[in-house]
Amino acid sequence: MKPTVNVLYLPGTNCQEETVRAFAEVGAQPRMRFAADLLAGTERLDDADILCIPGGFSFGDHLGGGAVAAALLRSHLADQFEACRTRPLIGICNGFQIAVRGGCFGKVGLKVNSAGTFRNEENQRHVVDAGNDSPWLAGLGGQTLSFPCAHGEGRFDPGSETEGYRVALRYEKDSNPDGSFEDIAGITSADGLAFGLMDHPERAMDREVRLAFFENGVRAVR
């Protein structure tokens, strides 16, 4: 039986097709979960092995990137979202913003890029942290992976948080596109189950890079 992945679709999500395709390519059964159906009670967020929150501009990013979506998850869908946090979860770009505001990584924040503008880099380089044993990063420690960067509010700020997250990815030295603290491009929760990153592996040209994280997530629940 194929592992199942719920891909959350919110008004403004626009990376769902690439994300669904990536999970399908590594042997999972991805299915869309639309916000309206979740709120109506006809579908559930927590009835899959993995939760994925893909990229886009949920609710137009009004009140800040991912703010409205995170409020929805923490209020109307709080019990289901909490259940999802006990299994692998991945948030990509806007999905990372939602997961951050949803409390998946402690009290860290994602702020407007230091340049004050949207950054779009086709081949942004990311170094996988060698000391993070998250299942999402299995076998990738120390590798440099190139995939697109496309965001305007991705500057990682840990604030005073020291225990709620672990570094997963860093931008290569002198190639930080958003001014993130210590070049951090992605993090996991302390237990490694939740993985958030600002850039888009599902858009990578190299197939091995495109599927690496998704394959690891699916392998972890087989």
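Contact, as the word is used here, means heavy atoms within 4.5 Å. The structure is a predicted model.

- Strands of a sheet pair through backbone hydrogen bonds, in either a parallel or an antiparallel sense.
- β1 pairs with β2 in the parallel sense, over six bridges; within this pair, Val 5 stands opposite Pro 30 of β2.
- β1 also pairs with β3 in the parallel sense, over three bridges; here Val 7 has Cys 52 of β3 as its bridge partner.
- β1 is mostly covered, with five of its six residues buried.

**Helices on the sheet**

- The axes of α1 (residues 16-25) and α6 (residues 207-220) come within 9 Å and cross at roughly 70°.
- Angles of 65 to 115 degrees count as roughly perpendicular, and α1 and α6 are therefore roughly perpendicular to each other.
- On the α1 side the contact is made by Thr 19, Ala 22, Phe 23 and Glu 25, and on the α6 side by Arg 207, Arg 210, Leu 211, Phe 214 and Val 218.
- By class, this contact has five nonpolar, one polar and three charged residues.

- Ala 35 belongs to helix α2 (residues 35-40), and it is buried, with a relative accessible area of 9%.
- Beyond its neighbours within four places in sequence, Ala 35 is in contact with Tyr 9, Leu 10 and Pro 11.
- Ala 35 and Leu 10 are 25 residues apart along the chain, yet their C-alpha atoms are separated by 5.5 Å.
- In helix α3 (residues 67-75), the buried residues include Ala 67, Ala 69, Ala 70, Leu 72 and Leu 73.
- Among the elements that cover these buried residues of α3 are β1 (residues 4-9), α2, β3 (residues 50-53), α4 (residues 78-84) and α5 (residues 94-101).
- Gln 97 has its place in helix α5 and counts as buried, at 5% relative accessibility.
- Apart from its neighbours within four places in sequence, Gln 97 is in contact with Asp 61, Gly 65, Gly 66, Leu 110, Glu 153 and Met 198.

**Two residues with positive phi**

- Most residues other than glycine have a negative phi.
- Asp 61, in the loop between β3 and α3, has a positive phi, near 55°.
- Asp 61 counts as buried because its relative accessibility is 19% and the cut-off for buried is under 20%.
- Asp 183, in the loop between β9 and β10 (residues 184-189), also has a positive phi, near 60°.
- Asp 183 is partly exposed, with a relative accessible area of 24%.

**Cysteines**

- A disulfide requires a pair of cysteine sulfur atoms within 2.5 Å; by this rule the count is zero.
- For the sulfur of Cys 15, the closest cysteine sulfur is that of Cys 93, at 6.9 Å, which is too far for a bond.
- For the sulfur of Cys 149, the closest cysteine sulfur is again in Cys 93, at 8.0 Å, and this too is too far for a bond.
- Cys 15 counts as buried, at 1% relative accessibility, and Cys 149 counts as buried at 0%.

How values were computed. Residues numbered from 1 in each chain as written. Predicted model: local features only at pLDDT ≥ 70, side-chain atom pairs only at ≥ 80, totals over all residues. Heavy atoms only, no water. Helix = DSSP H or I, 4+ residues; strand = E, 2+ residues; numbered from the N terminus. Buried < 20%, exposed > 50% of the residue type's maximum accessible area, 1.4 Å probe, protein only. Axes fitted to C-alpha atoms, helices over the stretch in contact; angles between N-to-C directions. Parallel < 35°, antiparallel > 145°, perpendicular 65-115°, else oblique. Nonpolar A, V, L, I, M, F, W, Y, C, P; charged D, E, K, R; others polar. Pairing = 2+ DSSP bridges.
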